[in-house]
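Dear colleague,

I am handing over the structure below, and my notes on its helices and strands follow directly after it. Please read them with the sequence open beside you.

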Amino acid sequence: LGEKIVGRVFGFDDITQRTLAAAALLESRDNLEERVNERTLDLQTANSNLQSEKRRQEELIRKLEEAQNQLLQSEKMASMGQLAAGVAHEINNPVGFVNSNLGTLQRYVNNLLRLLGAYEQLEESLGEDVLQNIRQLKKEIDTTYLREDIGDLLTESLDGLQRVKRIVQDLKDFSHVDKAELEWANLENGLDSTLNVVWNELKYKAKVIKEYGNPPLIECLPYQLNQVFMNLLINAAHAIEQTGEITIRTGYDAKNVWVEVEDTGKGIPPEHIDRIFEPFFTTKPIGKGTGLGLSLSYGIVNKHGGHIEVKSTVGKGSLFRVVLPNNSGASNKAS
């Protein structure tokens with residue numbers, strides 16, 4: 001039989017809502033991703049700001065600690081300065097009259113020796129008995145040696161007093177560590193003054209060699225720089241375990257002046273070389289060092305616009321170089 005189509009049936013599904021829902025879902029996902037990205041960026045920015053703020057606070061804390069440490073050390077040095085000034089003043093009084101008395105005594109002795117010489121010219125005119133007694137007495141007291149030695153003793157005593165006077169003056173100069181006025185200063189004079197103050201720390205440990213280059217006067221805080229030199233010299237002495245040498249050099253060029261302190265001590269281990277200027281860092285035994293000396297020295301030199309360079313070899317020694325700006329100017333001549 002032949003088939004015959006009598007009609008068609010069509011079926012429809014309404015997908016409008018599903019399409020709209022899919023589109024809304026896609027838009028929602030896109031918006032969510034965008035918000036997540038924005039939120040992530042905000043969090044990253046906030047985290048970066050927090051890290052920056054943390055670093056800033058850490059730097060402020062570090063600077064505050066350094067300032068506090070330097071203030072404590074400065075107060076300590078100022079107290080030492082007051083003590084040194086008081087000691088110098090008390091020593092100065094007896095040294096003054098002893099020096100005066102010795103000078104007078106030297107004149108008296110010279111006059112007495114002249115008188116003795118005049119009497120000796122008359123010895124031959126005396127009786128034999130008297131002459132014999134005089135000769136015996138002269139032999140007993142050894143007048144020839146007495147004449148030579150008494151002059152030497154007085155000269156040495158006066159020289160010793162002059163050295164005491166220089167030390168007292170250096171103590172008085174060194175006691176001005178809290179003085180804040182800039183001055184034109186000769187660094188070599190400051191080194192010599194500081195050497196006198198710390199000589200007792202050095203004389204049994206090291207031979208001190210001076211290789212001065214006659215740098216010009218510079219405008220600085222000389223009493224604070226003397227404190228730097230004192231720290232470097234004492235550290236050099238402590239680095240020498242038995243005996244050795246400490247060499248002090250000075251020099252200059254158009255831009256800088258410098259002071260070097262080199263020792264033949266045990267040297268600084270490589271793992272410590274980057275930490276030596278940290279406050280409270282020390283390799284010395286407990287009670288032998290505070291760890292503030294080099295930190296304070298670094299601060300003083302930095303305040304002068306300079307820096308400190310360090311070279312060290314374990315077993316051979318160390319060299320510290322204090323470099324300062326040469327602000328002498330064309331009209332300033334080295335003294």
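The buried residues of helix H7 are Gly293, Leu294, Ser295, Leu296, Ser297, Gly299, Ile300 and Val301, where buried means under 20% relative accessible area, exposed over 50% and partly exposed in between, with a 1.4 Å probe and protein chains only. With eight of its eleven residues buried, H7 (residues 293-303) is mostly covered, and after this helix comes Gly305, whose phi is positive, near 80°.

This is a predicted model, in which local features need pLDDT of at least 70 and side-chain atom pairs count only at pLDDT 80 or more, while totals for chains, interfaces and linings use all residues. Residues are numbered from 1 along each chain as its sequence is written, and side-chain values use heavy atoms, with hydrogens and water left out. Helices (H or I, at least four residues) and strands (E, at least two) are DSSP runs, numbered from the N terminus.

Five strands form an open sheet in the order S2-S4-S5-S7-S6, with mixed pairing, two strands being paired if DSSP finds at least two bridges between them. Its edge strands, each pairing on one side only, are S2 (206-211) and S6 (307-313), and from one strand to the next the twist averages 15°.

Strand S5 (residues 256-263) runs antiparallel to strand S7 (residues 317-325), and eight bridges join them; Asp263 has Ser318 as its bridge partner in S7, and Val257 has Leu324. S5 also pairs with S4 in the antiparallel sense, over seven bridges, and a hairpin of three residues joins S4 to S5. Six of the eight residues of S5 are buried.

Helix H5 (residues 222-239) lies across S4, S5 and S7, at about 25° to S5.

H4 and H5 pack at an angle of about 40°, with their axes 9 Å apart. Among the residues in this contact are Leu191 and Leu195 of H4, and Phe229 and Leu233 of H5.

Best wishes

Conventions:
Axes fitted to C-alpha atoms, helices over the stretch in contact; angles between N-to-C directions. Contact = heavy atoms within 4.5 Å.
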